[in-house]
Amino acid sequence: MDLLLAQLPSPVAEGESKRLLLAALTASVATVFPFLCEMLQQHFMAAMASQQEGAAEKLVAHSS
């Protein structure tokens with residue numbers, strides 16, 4: 001049992017890893033956010049075009 005407990009991450013290590021993840025996300029937001037917005041816009045436009053064409057099978061691909 002003690003061996004299993006020793007393998008669990010300590011609250012300090014867990015907190016540090018969360019801090020590092022947040023720092024990495026914050027540092028990359030200027031690059032990642034515009035990319036995500038562009039992908040969302042392209043996906044939305046493709047879904048709208050499929051809807052206007054009446055292509056239900058293509059529209060399903062953009063709805064999930």
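Reader: How many helices and strands does the chain come to?
Author: The secondary structure comes to 3 helices and 0 strands. Along the sequence the pattern reads α-α-α. Keep in mind that this is a predicted model.

Reader: What is the confidence like, then, on average?
Author: The mean pLDDT of the chain is 79, and 73% of the residues score at least 70.

Reader: Which helix is lowest in confidence, and which is highest?
Author: Helix α1, residues 2–7, is lowest with a mean of 53. Helix α2 is highest, at 87. Where pLDDT is low, the predicted coordinates should not be read in detail.

Reader: Ok, on to annotations. What does UniProt have for residues 20–40?
Author: The UniProt record, an unreviewed entry, annotates residues 20–40 as "transmembrane region".

Reader: And what is the secondary structure over residues 20–40 in the model?
Author: That stretch is 100% helix and 0% strand. Its end C-alpha atoms lie 27 Å apart.

Reader: Different topic. How many salt bridges are there?
Author: The count comes to 1 salt bridge. The side chains of Arg 19 and Glu 16 form a salt bridge, with 2.8 Å from N to O.

Reader: Where do Arg 19 and Glu 16 lie?
Author: Both are in helix α2, which covers residues 11–53. They are 3 residues apart, about one turn of the helix.

Reader: What share of the chain counts as buried?
Author: Of its 64 residues, 5%. The chain exposes about 5600 Å², and 71% of that area is supplied by carbon and sulfur atoms.

Reader: Which residues make a nonpolar surface patch?
Author: Val 32, Phe 35, Leu 36 and Met 39 make one of about 350 Å².

Reader: Take Val 32. Where is its place?
Author: Val 32 sits in helix α2, the helix with the highest mean confidence in the chain.

Reader: Why does Val 32 count as partly exposed?
Author: Val 32 counts as partly exposed because its relative accessibility is 37%. Residues under 20% would be buried.

Conventions: Residues are numbered from 1 along each chain as its sequence is written. This is a predicted model: local features need pLDDT of at least 70, side-chain atom pairs count only at pLDDT 80 or more; totals for chains, interfaces and linings use all residues. Side-chain values use heavy atoms; hydrogens and water are left out. UniProt positions are given in the numbering used here, feature names are shortened, and annotations may be inferred rather than shown by experiment. Helices (H or I, at least four residues) and strands (E, at least two) are DSSP runs, numbered from the N terminus. Buried means under 20% relative accessible area, exposed over 50%, partly exposed in between (1.4 Å probe, protein chains only). Accessible areas come from the Shrake-Rupley method with a 1.4 Å probe; for residues, only the protein chains shown count as cover. A salt bridge is a side-chain nitrogen of Lys or Arg within 4 Å of a carboxyl oxygen of Asp or Glu. pLDDT is the predictor's confidence in each residue, from 0 to 100. Patches are made of residues with over 30% relative accessible area and no salt bridge: like charges are joined within 9 Å, nonpolar side chains (Val, Leu, Ile, Met, Phe, Trp, Tyr) within 5 Å.
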